[in-house]
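Please look over the sequence and the structure first.

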Amino acid sequence: MKTFFCSIFFLSLSISLIYGQFTPPPGDITNRSDGYTGHEDALINDVIKLEFDKKNTKITFDFVSEETSGSIGGLDFKISFNPEDTDNAYFKGTALVNTLETGNFLRDGHLMWEKFFYKKKYPKIAFESKEVVHFGNNNYKVIGDLTIKGITKEVIINFDLDITKNLLGKTTIYTSDFGVNIHDEREKNKLNIVFDFPILN
């Protein structure tokens with residue numbers, strides 16, 4: 001019987017010592033950085049799924065050959081984006097053609113005509129991602145389909161992430177590829193687009 005109790009005692013002691021090697025004392029959990037600016041105190045297992053400020057999101061553009069800048073609004077979008085889980089990320093949204101602004105009332109009106117954006121038949125511009133790829137240094141490429149005037153083309157949007165501020169994207173298209181022929185020469189229809197998605201803290 002004495003031998004039995006001694007065995008139980010030593011077994012309990014061994015379990016306690018092993019458990020103590022792998023369990024940190026209460027209040028001694030070490031914070032570790034997740035690698036993103038502004039989150040140095042986050043635990044390694046924290047999941048960062050970013051939320052965006054829809055009210056202050058902006059899409060602006062530069063029509064290069066005319067040295068004309070503008071914007072488009074009426075944005076309705078859904079984004080699911082965890083910087084560490086791009087396999088499950090997606091970007092999907094639309095913008096209203098009649099919100100195009102270039103700082104010239106007459107020009108904006110002409111852009112609604114059938115020859116250009118044809119607002120009556122195609123009131124929305126749409127984008128839906130097919131793949132999101134992380135390229136390091138907080139740079140991401142969103143590959144997807146852009147639809148303007150009923151024509152769909154694949155585009156790549158390059159995004160830079162500032163975890164404390166915004167997700168800023170840039171791409172270049174040619175409006176004539178989408179049936180919007182401002183000029184006869186393709187190169188003169190070059191449009192640089194910027195997507196500014198402020199992050200909610």
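## Terms and model

Two strands are said to pair if DSSP finds at least two bridges between them. The model described here is predicted.

## Overall make-up

The protein contains two helices and nine strands. Along the sequence these elements follow the pattern α-β-β-β-β-α-β-β-β-β-β.

Of its 201 residues, 33% count as buried. The protein exposes about 13200 Å², and carbon and sulfur atoms supply 54% of that area. Among contacts between residues at least 6 apart in sequence, 52% join residues at least 24 apart.

## The sheet

The nine strands form an open sheet, and their order across it is β2-β1-β9-β8-β7-β6-β5-β4-β3. The pairing is antiparallel. The edges are held by β2 (68–72) and β3 (76–80), each of which has a single partner strand, so one side of each is left without a neighbour in the sheet. From one strand to the next, the twist averages 20 degrees.

Strands of a sheet pair through backbone hydrogen bonds.

Is Ser80 buried or exposed? Its relative accessibility is 12%, and buried means under 20%, so Ser80 counts as buried.

Leaving aside neighbours within four places in sequence, Ser80 is in contact with Lys49, Asn88, Ala89 and Tyr90.

Terms used. Residues are numbered from 1 along each chain as its sequence is written. This is a predicted model: local features need pLDDT of at least 70, side-chain atom pairs count only at pLDDT 80 or more; totals for chains, interfaces and linings use all residues. Side-chain values use heavy atoms; hydrogens and water are left out. Helices (H or I, at least four residues) and strands (E, at least two) are DSSP runs, numbered from the N terminus. Axes are lines fitted to C-alpha atoms, for helices over the stretch in contact, and angles run from 0 to 180 degrees between N-to-C directions. Buried means under 20% relative accessible area, exposed over 50%, partly exposed in between (1.4 Å probe, protein chains only). Contact means heavy atoms within 4.5 Å. Accessible areas come from the Shrake-Rupley method with a 1.4 Å probe; for residues, only the protein chains shown count as cover.
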